[in-house]
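Some notes on this model, point by point. Please read them with the coordinates open.

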Amino acid sequence: MNVFNSVQSFKSTQKTIVTLGTFDGMHIGHQAILNKLKLQKKIYGYKTLVLTFFPHPRMVLKTDHQILLLNTIDERVKLIDHFGIDHLVVQEFTQDFANLSAEEFVKTVLVDQFNIGKIIIGYDHRFGKNRSADIHDLIEFGKKYHFDVEQISAEELNDVSVSSTKIRNALNVGNVALAKTYLGYPYMVSGKVVSGKQLGRTIGYPTANIQVAEDYKLIPAIGVYVVGVTVKHKDYYGMLSVGTNPTVGGTEKTIEVYIFDFNETIYDEEITVRFLTKIRDEEHFGSIDLLIEALKNDEVFSRNFLMNMD
């Protein structure tokens with residue numbers, strides 16, 4: 001997949017079949033659109049092109065409300081690449097870009113830069129300044145500028161109204177299993193392993209402390225989870241805590257993972273965790289011995305879950 005960092009950096013000499021959106025999370029609704037894009041490519045012979053935006057438009061247009069995202073931009077690029085798209089354009093979303101009228105956007109971007117032959121959009125897509133235009137306007141622009149328009153209905157998306165907002169809401173209460181259903185894959189978080197208080201190794205549960213660089217990345221609710229883990233290009237399983245470690249007087253929120261059957265030093269390594277299910281809420285235990293007992297129970301739960309996982 002060819003990746004371009006602005007609309008201006010990509011001018012197509014070949015006809016393209018286009019879809020556009022923020023694609024935060026790359027959930028099953030997004031996947032249905034990309035699969036249809038690939039299917040239509042076989043019919044039309046056009047190159048497939050995805051236009052996405054960063055930062056998220058709400059970060060620019062609603063500065064009083066800080067939205068947390070399901071994907072970093074690097075994660076989003078990798079997820080889209082997985083679908084075999086020919087071209088991806090990541091456009092910086094600015095106030096100037098937001099001020100483009102619907103027809104300015106269609107003419108200067110879709111027609112002049114992308115050489116559009118067809119566009120595929122979701123059933124509720126709106127675009128242009130103040131999100132003033134909808135599918136009916138797009139169809140009229142298509143007639144004027146000679147490109148086809150196809151709308152994906154809610155029914156085609158398996159009669160499920162999937163949205164990034166619903167996924168965020170599920171993660172915010174720790175329902176990572178529901179998030180996985182909407183996404184079609186486990187929710188993931190990546191970061192660098194940094195030094196922590198190293199209490200875990202003294203009680204038989206050494207953990208890797210994960211530092212996430214992107215402050216806009218959504219972290220699931222405080223609690224204990226079963227996770228998949230990728231480190232040094234190898235896959236493992238483990239159990240992960242999001243919380244403040246109240247039993248030992250912790251106050252700062254941390255992300256710590258205990259990797260099963262693993263005994264390597266991985267400071268400064270990049271690590272990715274995939275949330276499979278929630279075990280329990282964080283608790284304040286009356287003693288270290290009670291904490292150790294709870295961790296043993298968590299491990300039993302986790303290993304049983306993994307043995308029976310589809």
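1. First, a cut-off: a residue counts as exposed when its relative accessible area is over 50%, and as buried when that area is under 20%. Anything in between is partly exposed. Keep in mind that the model is predicted.

2. Is D235 buried or exposed? Its relative accessible area is 59%. That is over 50%, so D235 is exposed. The residue belongs to strand β10, which covers residues 234-243.

3. Which residues does D235 touch, sequence neighbours up to four places away left out? They are V229, T230 and R274. With T230 there is also a polar contact between the side chains, at 2.6 Å. D215 sits 20 residues from D235 along the chain, and 26 Å separates their C-alpha atoms.

4. N71 is a loop residue, placed between α2 (57-61) and α3 (73-81). Its relative accessibility is 2%. The cut-off for buried is under 20%, so N71 is buried.

5. What surrounds N71, apart from neighbours within four places in sequence? The contacts include a run of F23, D24, G25 and M26. R76 and L79 are also in contact with N71, as are Y185, Y216 and K217. For G25 there is a polar pair to check: its backbone nitrogen is 2.7 Å from a polar atom of the N71 side chain.

6. Next, the pair α7 (residues 164-172) and α8 (residues 176-183). Their axes lie 8 Å apart, at an angle of about 160 degrees. Angles over 145 degrees count as roughly antiparallel, so α7 and α8 are roughly antiparallel. Their crossing is left-handed.

7. Which residues make the contact of α7 with α8? From α7 come K166, I167, A170 and L171. From α8 come V176, L178, A179, Y182 and L183. By class, eight are nonpolar, one is charged and none is polar.

8. Helices α5 (residues 102-111) and α6 (residues 135-145) also pack, with axes 11 Å apart and an angle of about 50 degrees.

Terms used. Residues are numbered from 1 along each chain as its sequence is written. This is a predicted model: local features need pLDDT of at least 70, side-chain atom pairs count only at pLDDT 80 or more; totals for chains, interfaces and linings use all residues. Side-chain values use heavy atoms; hydrogens and water are left out. Helices (H or I, at least four residues) and strands (E, at least two) are DSSP runs, numbered from the N terminus. Buried means under 20% relative accessible area, exposed over 50%, partly exposed in between (1.4 Å probe, protein chains only). Contact means heavy atoms within 4.5 Å. A polar contact is a pair of N or O atoms within 3.5 Å; within protein, one must be able to donate a hydrogen and the other to accept it, and residues adjacent in sequence count only if both atoms are side-chain atoms. Axes are lines fitted to C-alpha atoms, for helices over the stretch in contact, and angles run from 0 to 180 degrees between N-to-C directions. Angles under 35 degrees count as roughly parallel, over 145 as roughly antiparallel, 65 to 115 as roughly perpendicular and the rest as oblique. A crossing is left-handed if the near helix is turned anticlockwise from the far one by less than a right angle, and right-handed if clockwise. Ala, Val, Leu, Ile, Met, Phe, Trp, Tyr, Cys and Pro count as nonpolar, Asp, Glu, Lys and Arg as charged, and the others, Gly among them, as polar.
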